Amino acid sequence: MSSRRDAVFAAVGGVVLFLVCSLVAPGGLLASAPYGDVHLYALYAHNMSQGRLPYRNFFDEYPPLAQPLFYVVRLLPGTYAPAFKWTMAVFGATALVLMVAALASAGAPRRRLAVAAVTIGVAPVVVGPIFLNEYDMWPAMLVAAALLAFIRRHERLAYVLLALGVAAKLYPLVLLPLALVETWDRGGRELVKRSLAWFVGVLFLVHLPFAILGPGGLRFSYWVNITRGLEVESLGGAVLLVLDRAGLYHATLREGSPGSTNVTGSLANAIGTVGSLTVIAAVLLVAWLYRRRRGSPFVATAAAVLALVAFGKVFSPQYVE
């Protein structure tokens, strides 16, 4: 009973702190002007409201499960930007509650619950105006829900939620090896096969209508994201810019699709390729270490996402969310 009460107090306190920080943060709930990619989301939602379909009638760089979110926000009262920010605030607060619940289910002590709640609670201020002006709280909430389902051993639900997270934004895919390790230990080959079937099946069903209505556009959207260049914010891009300032390398910048500033050239391309391979190796290493040492699933999850953030060729500011 005491641990449940601690979790409730931490969750409620964290949500209050999160909402206060969302109100006072630059670009937060009290700011009405669009920021970041909100104008793009509004444009996509407008196109859909006019009967135009993503991937078929207009280019859309985001995965399929982002589309319903963009459209539903348009149906909310008020103008698009404030409605979008409030939606992200609700998703963020929900993700906080889910994460506290997951920690409590794993037996985390009161202090760790409090630290987690405060850390997430101050995120809108720490991250800055990008926090509520990108749609990343949507996949973050799905990932938090999937983690809670794993901790509570709801295997099927966990893989369904993880698949939905991948369909909303691709990065949760790095958590799949960790999930499979955990599932193998719990139920062996048969449980892994059933869980993978659910994961692949949900991804297939989410993509199916978009693939039928706009197969070329959907394929092109993924291709653009997979083949995009080395962003200036990435680790590799930052190293090349430092070398440029030191006079050891001449960095050429170019605006690329979708909406990023990239370092171009053969060396930049090579660094981007090496970075992508490093991400794969690092994620598999995290899964291997987790399999051998049976450490905290929260630490392993954070390490897998950190590997993507640290070594990927794309690093937009919202990834720190």
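The model is predicted.

## Nonpolar cores

The largest nonpolar core has 85 residues. Phe70, Tyr135 and Trp138 have the most contacts inside this core. Helix α4, residues 80-105, gives the largest share of the core, with 15 residues.

What does Phe70 touch, leaving out residues up to four places away in sequence? Its contacts are Tyr41, Tyr44, Ala45, Met48, Tyr62, Tyr80 and Tyr135.

Tyr41 sits in helix α2. Its relative accessible area is 0%, so Tyr41 is buried. Residues up to four places away in sequence aside, Tyr41 touches Tyr62, Phe70, Tyr80, Phe84, Asn133, Glu134 and Tyr135. Tyr41 and Tyr135 are 94 residues apart in sequence. In space, their C-alpha atoms are 8.8 Å apart.

Ala246 and Val143 make another pair to look at. They are 103 residues apart along the chain, and 41 Å separates their C-alpha atoms. Ala246 is found in the loop between α11 (235-245) and β2 (252-256). With a relative accessible area of 52%, Ala246 is exposed.

## Salt bridges

How many salt bridges does the structure hold? There are seven.

| Arg110 | Asp6 | 3.3 Å |

Take the salt bridge between Arg110 and Asp6. Arg110 lies in helix α5 (residues 110-121) and Asp6 in helix α1 (residues 2-24), so the bridge ties together parts that are 104 residues apart in sequence. Arg110 is exposed, at 56% relative accessible area. Asp6 counts as buried, at 15% relative accessibility.

Lys193 and Glu190 both belong to helix α9. They are three residues apart, about one turn of the helix. Lys193 has a relative accessible area of 47% and is partly exposed. Glu190 also counts as partly exposed, at 45% relative accessibility.

Are Arg228 and Glu231 buried or exposed? The cut-off for buried is under 20% relative accessible area. Arg228 is buried, with a value of 9%. Glu231 counts as buried too, at 2% relative accessibility.

Glu155, Glu182 and Arg186 form one network, joined by salt bridges that share partners.

## The second largest pocket

The second largest pocket holds about 290 Å³ of space. It is lined by 17 residues. Closest to its centre are Leu147, Phe150, Glu182, Pro297 and Thr301. Glu182 is also part of the salt-bridge network with Glu155 and Arg186.

Which helices each supply at least two residues of the lining? They are α7 (137-151), α9 (176-213) and α13 (297-311). Helix α7 gives the most, with five residues. By class, the lining has 13 nonpolar residues, one polar residue and three charged residues.

## Positive phi angles

Most residues other than glycine have a negative phi.

Tyr55 has a positive phi, near 75°, and is not a glycine. It lies in the loop between α2 (38-49) and α3 (66-75). Tyr55 counts as buried, at 5% relative accessibility.

Arg153 has a positive phi of about 65°, although it is not a glycine either. Its place is the loop between α7 and α8 (155-168). Is Arg153 buried or exposed? At 56% relative accessibility, Arg153 counts as exposed.

Methods. Residues are numbered from 1 along each chain as its sequence is written. This is a predicted model: local features need pLDDT of at least 70, side-chain atom pairs count only at pLDDT 80 or more; totals for chains, interfaces and linings use all residues. Side-chain values use heavy atoms; hydrogens and water are left out. On a 1 Å grid over the protein atoms alone, a cavity is a set of points where a 1.4 Å probe fits but cannot get out, and a pocket is an open set with protein on both sides within 12 Å along at least five of seven lines; lining residues have an atom within 4 Å of a point. Grid points are joined across faces, edges and corners, and a volume is the space filled by probe spheres set on the points. Helices (H or I, at least four residues) and strands (E, at least two) are DSSP runs, numbered from the N terminus. Ala, Val, Leu, Ile, Met, Phe, Trp, Tyr, Cys and Pro count as nonpolar, Asp, Glu, Lys and Arg as charged, and the others, Gly among them, as polar. A nonpolar core is a set of buried Ala, Val, Leu, Ile, Met, Phe, Trp, Tyr and Cys residues joined through side-chain atoms within 4.5 Å. Buried means under 20% relative accessible area, exposed over 50%, partly exposed in between (1.4 Å probe, protein chains only). Contact means heavy atoms within 4.5 Å. A salt bridge is a side-chain nitrogen of Lys or Arg within 4 Å of a carboxyl oxygen of Asp or Glu.
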